[in-house]
Amino acid sequence: MTEYSINPGDPAPTQIELDTWPEGRLKLADLAGQWIILYFYPKDSTPGCTTESCEFRDARPDFSAAGASIVGVSRDSVRSHGNFTEKQALNFTLISDPDETLCKAFDVMQLKKNYGKEYMGVERSTFIINPEGDIAAAWRKVSVKGHVEEVLNTLKELQSS
């Protein structure tokens, strides 16, 4: 089992400021006082990432009703995020992390294998950050099917406890 350097109960790295789509800059501290659903995905416009992002898009009213903001992160450029957002009608912020600053802070850069080659890549991961800025829940090596519903159910459980 992989040991991670950041886990539920730890303070989230909230001071890293990066470019976003829609165009601007964001650090998680800007969202302090609310619940944050932060998901990391490998690449814009790939099948699994598109499915996951569209499921978050479709569930956004439920997350908003629960007082949570959704933020996606990948290493793609702001321009790529713009194309992805427009093509999929995404309704939340995407952070561009080409230098892997936020990815490394959340320990999602992991050794991956594809066709026998090893490389460092983004491990599909989701974090719920509570209004105090602590990680309340974490999913690693996410399987897309049913994931967004699981995140929403976990958020509601955390809020009622």
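**Close-up views of a predicted model**

**View 1. Helix α2 and the elements it packs against.** The buried residues of α2 pack against β1 (18-21), α1 (47-65), β4 (68-74) and β5; here contact means heavy atoms within 4.5 Å. This is a predicted model, in which local features need pLDDT of at least 70 and side-chain atom pairs count only at pLDDT 80 or more, while totals for chains, interfaces and linings use all residues. Residues are numbered from 1 along each chain as its sequence is written, and side-chain values use heavy atoms, with hydrogens and water left out. Helices (H or I, at least four residues) and strands (E, at least two) are DSSP runs, numbered from the N terminus. Helix α2 covers residues 78-88, and its buried residues are Val78, His81, Gly82, Phe84, Thr85 and Gln88. Buried means under 20% relative accessible area, exposed over 50%, and partly exposed in between (1.4 Å probe, protein chains only). After α2 comes Ala89, with a positive phi near 50 degrees.

**View 2. Ile95 in strand β5.** Look for Ile95 in β5, which spans residues 93-96. Ile95 is buried, at 2% relative accessible area. Leaving aside residues up to four places away in sequence, the contacts of Ile95 include Leu18, Leu26, Val71, Val73, His81 and Leu102. The C-alpha atoms of Ile95 and Phe40 are 9.4 Å apart, although 55 residues separate the two along the chain.

**View 3. Two nonpolar cores.** A nonpolar core is a set of buried Ala, Val, Leu, Ile, Met, Phe, Trp, Tyr and Cys residues joined through side-chain atoms within 4.5 Å. The largest one has 23 residues, and Ile37, Phe56, Phe63, Ile128 and Leu155 have the most contacts inside it. At least two residues of this core come from each of β3 (35-40), α1, β4, β9 (135-139) and α4 (147-160). Another core, of 21 residues, lies apart from it and includes Ala12, Leu18, Val71 and Val108.

**View 4. Cysteines without a disulfide.** A disulfide is a pair of cysteine sulfur atoms within 2.5 Å, and a search of the whole structure finds zero. The closest cysteine sulfur to that of Cys49 belongs to Cys54, 11 Å away, which is too far for a bond. For Cys103, also in no disulfide, the nearest cysteine sulfur is that of Cys49, at 12 Å. Cys49 is buried at 1% relative accessibility, and Cys103 is buried at 0%.

View 5. Nine salt bridges are found in the structure, each a side-chain nitrogen of Lys or Arg within 4 Å of a carboxyl oxygen of Asp or Glu. Lys43 and Asp76 meet in one of them, at 3.2 Å from N to O. Lys43 sits in the loop between β3 and α1 and Asp76 in the loop between β4 and α2, so this pair ties together parts 33 residues apart in sequence. Lys43 is partly exposed at 45%, whereas Asp76 is buried at 8%. Glu52 pairs with Arg124, their closest N and O atoms being 2.8 Å apart. Because Glu52 lies in α1 and Arg124 in the loop between β7 (117-122) and β8 (125-129), the pair ties together parts that are 72 residues apart in sequence. Glu52 is buried at 0% relative accessibility, and Arg124 is buried at 15%.
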